[in-house]
Amino acid sequence: MGKYYGQMMVIQQEVGDIHGALALMGWDQEVYMPRKGAATRGRQLATLSGMAHTRFISEEMGHAIERAGSEELTLDQQVNLREITWSHKRAEKLPTSLVKALAETSSAAIEVWMQARANNDFPSFAPWVEKLVKLQKESAEAIGYENEPYDALLEEYEPGASTQDIADVFEALRGPTVDLVQRIQNSEVKPRTDFLKKTYPVEDQRRFGVMVSKQMGFDYEAGRLDISPHPFCTHMGVQDVRLTTRYAENLPAQSLYGIIHETGHGLYEQGQDVNHEGTPRGQSVSLGIHESQSRMWENMVCRSRAFWRYFYPKFVETFPESMQGVTEEELYAAVNEVTPSLIRVEADEVTYNLHILLRFEIERGLFADVYTVNDLPDIWHAKMKEYFGIEPPDDRSGVLQDIHWSHGSFGYFPTYTLGNLYGAQFYDTAKQALPDLTEQIAHGELLPLREWLRENIHQLGMAYRPKDLVKQVTGKALSADYFLTYMEEKFGRLYEV
Ligand code: ZN
């Protein structure tokens, strides 16, 4: 190993270890920490992040990176050098004063947002969104971009992606999705969902969810499942992956699909090559690719007809009273109910992307100076009406619903829809590679799919950037077609449209 490459990796590992500690503290904050510990925890997290940042942008790291470039490197080492150089440049370009201003403004903005949402008072939040947009425009200028400022923000979450590419793919998705939603709304078919609101004891929900995630191949000796108000997945290493979910006695589908979604993320983390732990080569490649794993398992696999062929009898056995008189077909239809709704996080598989398209279009417009912050409630209403045929009665269930903007996280939303599209495209390839896949799922055999994903996606870490990974795995550039075909087939049949 080259001398400078070695030095670079020592620092990379130290920074990675600090991030592991931060992840553990963040997990604890959501799962166990007593409420009064919040202020101290906030300071500790800030101190440690600062240390990691300082170490990463240190002169020593800069020198090592620069000189490692003229050493002879293996392919894996080249991946690490490429990604570390990219992150280092990006971090270096951001002035410390700007990073600090963003952290301070967003932590104040979150408080304002919570109040504003509670009081349905967008005007009190608007100046804060303006400040954050202004600061993020400065970040974009500092980082640099090819075509529009939004590119620089997007790249934070989806390395190598361009706004225009995404806009083109989303544009192809919008019309057919709006059309499908309208057809479903006009359909005579309305699935019964009454039984999913009956009583399902929490301990039995947990047992059932754990059983499914084990069957998916989640290794509970290298991970665990806990409870938190907002489900998430985090990791301290390849062999320490933490999932959370939440339970409500009368919402069994929420906890089950929460567990499955987070298990999808968890399998991606557990599937990384342990020999490359703590390096880009042993890391997930982007939020969009991450989301492709969770969404594929949640929707394409575990909301499929084949899945319930195997799991329906087990579900009935676990919840005999609430499931009395409910057929397999009724359960399948109920977990796939489509209803246009105001709230993104409660949206079904079909309407979900429309929520994201709306936010992406607004963000892009804000950063291209097409929209001003004060326009947002009106634009929100107009787009809701156009895409969903409904309008929010107030800003609380409209423009104020998401936490992301108060964090200053612009460019994050598109990764959710990218995940759905990547997921459908990967799944299409998986089905060709595993001709018996549907049959296997109908027998509860979920491991062949996990193995395929592991070999073709998980184990590659950051070897390819998202755009190239999609081509590498599926042979084609990202397209909305796979997802559209999948939706038409599934929901066309379910709703007879
Ligand atoms: Zn997710």
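**Entry 1, the second largest pocket.** I began with the lining of the second largest pocket, which by class has 14 nonpolar, four polar and twelve charged residues; here Ala, Val, Leu, Ile, Met, Phe, Trp, Tyr, Cys and Pro count as nonpolar, Asp, Glu, Lys and Arg as charged, and the others, Gly among them, as polar. I noted that the model is predicted, so that local features need pLDDT of at least 70 and side-chain atom pairs count only at pLDDT 80 or more, while totals for chains, interfaces and linings use all residues. I also noted that residues are numbered from 1 along each chain as its sequence is written, and that side-chain values use heavy atoms, with hydrogens and water left out.

I looked up what a pocket is: on a 1 Å grid over the protein atoms alone, with a 1.4 Å probe, it is an open set of points with protein on both sides within 12 Å along at least five of seven lines, and its lining residues have an atom within 4 Å of a point. The second largest pocket holds about 770 Å³ of space, a volume being the space filled by probe spheres set on the grid points, which are joined across faces, edges and corners. Its lining counts 30 residues, and S304, R305, Y332, K490 and R493 lie nearest the centre.

Which helix gives the most to this lining? I found that α20 does, with eight residues; helices are DSSP runs (H or I, at least four residues) numbered from the N terminus. Among the helices that each supply at least two lining residues are α16 (414-433) and α20 (481-495).

I then turned to T417, which is found in helix α16. T417 is buried, with a relative accessible area of 0%, where buried means under 20% with a 1.4 Å probe and protein chains only. Leaving aside residues up to four places away in sequence, T417 touches F170, L173, N353, I356 and L357, a contact being heavy atoms within 4.5 Å.

H261 lies in helix α10 (residues 252-270) and E291 in helix α11, so the pair ties together parts that are 30 residues apart in sequence. H261 is buried at 11% relative accessible area, and E291 is buried at 8%.

How values were computed
Buried < 20%, exposed > 50% of the residue type's maximum accessible area, 1.4 Å probe, protein only.
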